[in-house]
Each structure stands twice: as C-alpha cells, then as structure tokens.
Amino acid sequence: MTRSVNEVAALAVKAARGAGAPPAQATQFGAAAVVHLCAGRDVQALDAALDAVPAGPIMEYPLALARIAEAQVEGIAEGAFEVDAAALARSYIEALPCQARLTTDHVLHLDLNRPAARRDLPRIELSDEVYARWSALAAKLLVPESDASRISGAGAGLTDND
C-alpha cells in the first residue's frame, strides 16, 4: 500500500523510539528512512537497524554526522564517514538539511552554509508486513490501559472531550 512521506516518517520515528532509540536519533532515522525508501533502497536495512538498537546505525550514524559537523570552520566541515553495503549511511547523508558530498574514499564534505536541494518526494510503497512490524514497535510507546494509568493522568479526561 502507498503511504504519504509524513506518515512513513512518523511511523519510522515511533518504531525507532519503540525499539529503544533516544528521540534525536529516532527523528534522524525517520528522515533517513524516507530518503532510503524513496530512493528504492532495500527496506531490510531499515529493519536490521531497528533490530540493532541500542547499538547499530540508528545510534552511530547521527553521532558520526554530528562529530563531523561540530568540527566545522566557517560552516565547512569534512571527515571520514564509512558507508555500509546496505547504503543506509548514504540515506542518512542525503537526509541532511545542508549540502553534503561523499567522496569515493569515504570523506564527507558538508557545507553548513547552504541548504540541501529540495526535492519532490513520491508516495512510498510500504508492505503491510513492514507497516505491521513498525506499528508493533511504535505501540511499545503507549501506556497500558488501566485504572492506575488513568489516575496518573493518561488518556482523555471528561473535560477533554467537551
């Protein structure tokens, strides 16, 4: 079934959070997942990354990109960035909000002064199996329905529905 870019990004973020990733890394995973799928890359790399939390690409790539960006001088940064065989690292680079170029010897060049080129993103074909798996991970963020959770403030109160 085809889904909107926003729907897939939000689901990927929630799946990463449900897998145990911190909010910042989960947000970057959501952006990279959209780029990855729009480029026609293998969804198995995304599933493998979710399975690897609390280690793996979801945790490592954002930190590696941040280290390179933090070393910038006048908005220009460069540093070594290894690209894995599944090309998920390339998707993280392409999801950056600034201009980025990866050389053949795995050196990433960032121009933090220039925004990345905007592109039209198509609807994304996401299989029902992947959608169900990511939804199950996302559901781990939900508070269980119980009297105790309602007493502590979960759910809608009576005045919330007025």
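These are my notebook entries on what I looked up in this structure.

**Entry 1: ground rules.** I am working with a predicted model, in which local features need pLDDT of at least 70 and side-chain atom pairs count only at pLDDT 80 or more, while totals for chains, interfaces and linings use all residues. Residues are numbered from 1 along each chain as its sequence is written, and side-chain values use heavy atoms, with hydrogens and water left out.

**Entry 2: the chain as a whole.** I looked up the secondary structure and found seven helices and five strands in the protein chain, where helices (H or I, at least four residues) and strands (E, at least two) are DSSP runs numbered from the N terminus. Along the sequence they follow the pattern β-α-α-α-α-β-α-β-β-β-α-α. I then looked up burial, and of the 162 residues in the protein chain 38% are buried, a word that stands for under 20% relative accessible area, with exposed for over 50% and partly exposed for what lies in between (1.4 Å probe, protein chains only).

**Entry 3: aromatic rings.** A pair of aromatic rings is described by the distance of the centres and the angle of the planes. I found two aromatic pairs in the structure; rings of Phe, Tyr and Trp (its six-membered ring) pair if their centres lie within 6.5 Å, and planes under 30 degrees apart count as stacked, over 60 as edge-to-face and the rest as tilted. The rings of Tyr 61 and Phe 81 have centres 5.7 Å apart and planes at 55°, so I noted this pair as tilted. It links distant parts of the chain, since Tyr 61 is in helix α4 (residues 57–70) and Phe 81 is in the loop between β2 (76–80) and α5, 20 residues apart. Tyr 61 is buried at a relative accessible area of 9%, and Phe 81 is buried at 3%. The rings of Tyr 61 and Tyr 92 have centres 5.3 Å apart and planes at 75°, so that pair is edge-to-face. It too links distant parts of the chain, with Tyr 61 in helix α4 and Tyr 92 in helix α5, 31 residues apart. Tyr 61, Phe 81 and Tyr 92 form one aromatic cluster.

**Entry 4: a charge over a ring.** I noted that the charged end of Arg 3 sits over the ring of Tyr 131, 3.7 Å from its centre; the rule asks for NZ of Lys or CZ of Arg within 6 Å of the ring centre and within 35 degrees of the ring normal.

**Entry 5: cysteines.** My search of the whole structure for disulfides (pairs of cysteine sulfur atoms within 2.5 Å) found zero. Cys 38 is partly exposed at 25% relative accessibility, whereas Cys 98 is buried at 9%.

**Entry 6: the largest pocket.** The largest pocket has a volume of about 380 Å³. On a 1 Å grid over the protein atoms alone, a pocket is an open set of points with protein on both sides within 12 Å along at least five of seven lines, and lining residues have an atom within 4 Å of a point. The lining has 16 residues, and Val 35, Glu 94, Ala 95, Leu 96 and Arg 119 lie nearest the centre of the pocket. Helix α2 gives the largest share, four residues.

Entry 7: Ala 89 is in helix α5 and is buried, with a relative accessible area of 0%. Its C-alpha atom is separated by 9.4 Å from that of His 36, 53 residues apart along the chain.

How values were computed: 1 Å grid on protein atoms, 1.4 Å probe; cavity = no way out; pocket = protein on both sides within 12 Å on 5 of 7 lines; lining within 4 Å. Points joined across faces, edges and corners; volume = space filled by probe spheres on them.
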